[in-house]
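Student: I would like to learn how to read a few features of a protein model. Please start with one residue and move on to its surroundings.

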Amino acid sequence: MKKMLLALGVIVTLTACGGGDEAAPAPEETAPAEDVATEEATGDFDATAARAVYESSCIGCHGGNLQGGGGPALAGQDHTPEQVLNVIQNGQGTMPAINIPAEDAENLAKWISAQ
Ligand code: HEC
């Protein structure tokens, strides 16, 4: 009797493991990645976060699609992330320096230079 229970236990454990390995971790790992992927994520930046910062700090002057408005267009320009970061942090001409956390500014600069 004991042997049979043991054998059953092993089978149940093996089955549970086999199923779990493939099914359980996958959704957790892919969910965030898919989120980012739907928002043109190609470089090492978080496009979703960048757009959120852009919308709260830049959109009024640079437009909903970075096409420009009060300020120049930011899409399709040849800015390096360093140039964009410099403008964000120090301002340029009539654009004031934008006071946002450095981490947000760096992420945003990479995203903008990839547009
Ligand atoms: C108050 C309006 C305003 C806001 C807000 C603003 N900008 Fe600007 N931005 C401008 C203007 C105007 C210029 C052109 C400045 C100049 O060269 O005289 C400019 C220029 C720039 C440039 C340089 C473009 C070029 O081709 O030289 C970058 C990059 C830029 N802005 C990024 C940003 C980012 C990123 C944000 C948000 C964090 C932002 N701006 C917020 C008005 C704004």
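Tutor: Start with Val87, which is located in helix α5; helices are DSSP runs of H or I with at least four residues, numbered from the N terminus. The model is predicted, so local features need pLDDT of at least 70 and side-chain atom pairs pLDDT 80 or more, while totals for chains, interfaces and linings use all residues. Residues are numbered from 1 along each chain as its sequence is written, and side-chain values use heavy atoms, without hydrogens and water.

Student: Is Val87 buried or exposed?

Tutor: Buried means under 20% relative accessible area, exposed over 50%, and partly exposed in between, with a 1.4 Å probe and protein chains only. Val87 has 19% relative accessibility, so Val87 counts as buried.

Student: Which residues is Val87 in contact with, leaving aside neighbours within four places in sequence?

Tutor: Contact means heavy atoms within 4.5 Å. On that basis the residues are Gln92 and Met95.

Student: How are two packed helices described?

Tutor: By the angle between their axes and the distance between the axes. Axes are lines fitted to C-alpha atoms, for helices over the stretch in contact, and angles run from 0 to 180 degrees between N-to-C directions. Here α5 (residues 81-90) and α6 (residues 102-113) pack at about 130°, with axes 8 Å apart. That angle makes α5 oblique to α6; under 35 degrees is roughly parallel, over 145 roughly antiparallel, 65 to 115 roughly perpendicular, and the rest oblique.

Student: Which residues of α5 make the contact?

Tutor: Pro81, Val84, Leu85, Ile88 and Gln89 of α5 do.

Conventions
Helix = DSSP H or I, 4+ residues; strand = E, 2+ residues; numbered from the N terminus.
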